Amino acid sequence: MYFKNVSPESAGISSKHVLDFVKTLDSYSFCTHSIIMARGDKIFAEIYYKPFHKDFKHRMYSVSKSFVAVALGMAADDGLLSLDDKMIKYFPEHSQKINSSLIKDATIKDLLTMQTAIENGIAWFSLNTDDRTEVYFRKDGEKIPGTIFSYDSPGSYMLCAIVERVTGKPFLEYMKEKALSEIGFSDDTYCIKTPGGHSFGDSGVMCSSRDLLTFARFVMNKGEWNGKQYMSREFLEDATKKQVSNANTTEVTYGTYGYGYQIWKAPRDGFAFVGMGDQFAICDPETDFIFIITSDNQGSSPSTRAILYHELYKTIVANLGEAITENKEAHSALLKYSENAELFSLRQEEPNPFEAQISGKTYKLDSNPMKIEHIKLCFDGKKGTLCYKNAQGEKELKFGLGYNEFGKFPQEGYSDMVAGKSAPGNYYDCACSADWIEDKKLRIKVQIIDTYFGNACFVFSFKDNGVSLLMSKTAEYFLGEYEGIAYGYCQD
């Protein structure tokens with residue numbers, strides 16, 4: 001099977017419905033990176049928000065867990081493990097160090113269904129460990145495994161480590177050898193590592209949006225591709241059905257349809273791969289529909305996910321049917337909108353005269369959590385520069401007033417190919433935009449768009465000869481130097 005691009009009408013939906021859906025997401029200021037919609041082998045919408053493009057290897061975050069689940073099924077097919085095996089069987093070096101019999105009793109299936117012995121998670125990033133597997137066994141058990149659903153990302157990592165121990169190779173390479181390379185999954189996909197050498201299987205898969213579509217289609221086909229059955233159909237049937245209820249409160253949301261094997265259930269007995277920041281592959285078998293989106297909505301996901309599910313099923317899924325008459329005008333409008341799509345930025349239409357009063361002036365800050373000694377804002381038309389000194393030294397951050405300036409975020413040494421480990425000399429790509437939210441209050445939005453994703457917001461509020469600075473961030477174990485509040489006074 002191969003994918004081909006067609007009009008929405010030939011896939012059974014109007015171009016207008018597709019455009020309305022995309023515009024709705026954009027109207028809520030989603031930070032979308034790509035969107036693909038497909039039925040069978042027909043892609044009827046494919047949008048990349050510049051600077052993202054079809055070949056970009058995107059961090060999939062917890063979508064990675066669904067890849068690991070399928071890898072486990074392949075390993076089970078090869079007779080390398082059983083879902084009923086206890087996890088500790090594969091980590092004999094830790095068997096005498098376990099604090100809790102509850103941890104020791106957990107099976108592979110318990111971990112697959114997020115029914116582990118752990119309730120409150122493990123903050124492994126802050127432990128600065130040299131072996132992430134060892135950290136898991138330090139934890140005290142909090143519930144009987146196989147009883148209650150609780151999201152346990154480190155448990156998913158342990159599943160990945162099991163696959164790599166029994167196969168002797170990185171789990172994604174094993175999957176490529178078993179099936180993915182033959183069905184068109186990109187050869188240059190990879191997974192970030194963690195301390196200890198195993199793949200970051202609960203968060204680190206790096207692949208394109210098309211690769212994610214290919215994987216989702218493989219799972220929806222129950223392991224079959226072009227007439228060849230690559231793995232157990234029964235395993236994938238079990239993986240995508242409700243194995244456990246995840247409705248542990250009376251709240252009803254998009255995330256309470258149940259859980260399979262590292263795969264979320266979705267409306268209409270569908271299923272979804274879900275990652276932090278709103279990475280999604282949502283599959284609706286009834287209409288043979290797959291929806292792919294990559295984004296960085298970290299910090300906004302409770303709202304964005306509710307909107308996404310509501311609009312997707314109301315505007316797209318509910319209107320899928322047989323092929324309809326082509327509407328060239330509507331399709332042309334969709335294509336034009338898609339071609340012009342750009343990464344979200346703050347908007348600023350009119351210049352602010354106040355810029356001239358503060359441009360180039362240095363403000364010395366009082367002691368603050370960010371360890372920033374002084375700041376200076378410089379304006380040149382629609383372009384701006386934030387100059388500051390922090391614990392690393394003098395820094396500059398370029399931003400656009402009402403548009404994104406692209407460059408390197410000036411903080412040095414954040415993680416690269418090994419998560420949680422400093423990488424000297426490493427700088428992340430970023431996009432920065434700004435707007436004046438009040439006459440004397442400037443806001444800068446930073447979007448990290450690299451191997452890692454994250455965002456930050458800096459607000460500068462001026463009064464007389466003083467400034468207050470509020471910095472906040474949403475990112476996985478970085479940008480911590482940019483959280484807090486400070487104030488200072490002009491020195492010029």
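Which residues lie nearest the centre of the largest pocket? They are Ser62, Tyr151, Ser153, Met276 and Glu476. This is a predicted model, where local features need pLDDT of at least 70, side-chain atom pairs count only at pLDDT 80 or more, and totals for chains, interfaces and linings use all residues. Residues are numbered from 1 along each chain as its sequence is written, and side-chain values use heavy atoms, with hydrogens and water left out.

**The largest pocket**

- A pocket here is an open set of points on a 1 Å grid over the protein atoms alone, with protein on both sides within 12 Å along at least five of seven lines.
- The largest pocket holds about 450 Å³ of space. A volume is the space filled by probe spheres set on the points, and grid points are joined across faces, edges and corners.
- Its lining counts 23 residues; lining residues have an atom within 4 Å of a point.
- Helix H5 (124-127), helix H7 (153-167) and strand E10 (270-275) are the elements that give two or more residues to this lining. H5 gives the most, with three residues.
- Helices (H or I, at least four residues) and strands (E, at least two) are DSSP runs, numbered from the N terminus.
- By type, the pocket lining divides into twelve nonpolar, six polar and five charged residues. Ala, Val, Leu, Ile, Met, Phe, Trp, Tyr, Cys and Pro count as nonpolar, Asp, Glu, Lys and Arg as charged, and the others, Gly among them, as polar.

**The largest cavity**

- A cavity is a set of grid points where a 1.4 Å probe fits but cannot get out.
- One cavity of 30 Å³ or more turns up in a search of the whole structure. About 50 Å³ of space lies in the largest cavity.
- His33, Ser34, Tyr48, Phe52, His53, Phe56, His58, Ser209 and Thr294 form its lining. Three of these residues are nonpolar, six are polar and none is charged.

- Six of the eight residues of strand E15 (residues 383-390) are buried, meaning under 20% relative accessible area with a 1.4 Å probe, protein chains only.
- Two strands pair if DSSP finds at least two bridges between them.
- Strand E14 (residues 374-380) runs antiparallel to E15, joined by seven bridges. Cys378 has Thr385 in E15 as its bridge partner.
- E14 and E15 form a hairpin with two residues between them. Gly381, in the turn, has a positive phi of about 65°.
- E15 also pairs with strand E16 (residues 393-401), in the antiparallel sense, over eight bridges. Asn390 stands opposite Gly393 in E16.
- A hairpin through two residues joins E15 to E16.

Terms used: Buried < 20%, exposed > 50% of the residue type's maximum accessible area, 1.4 Å probe, protein only.
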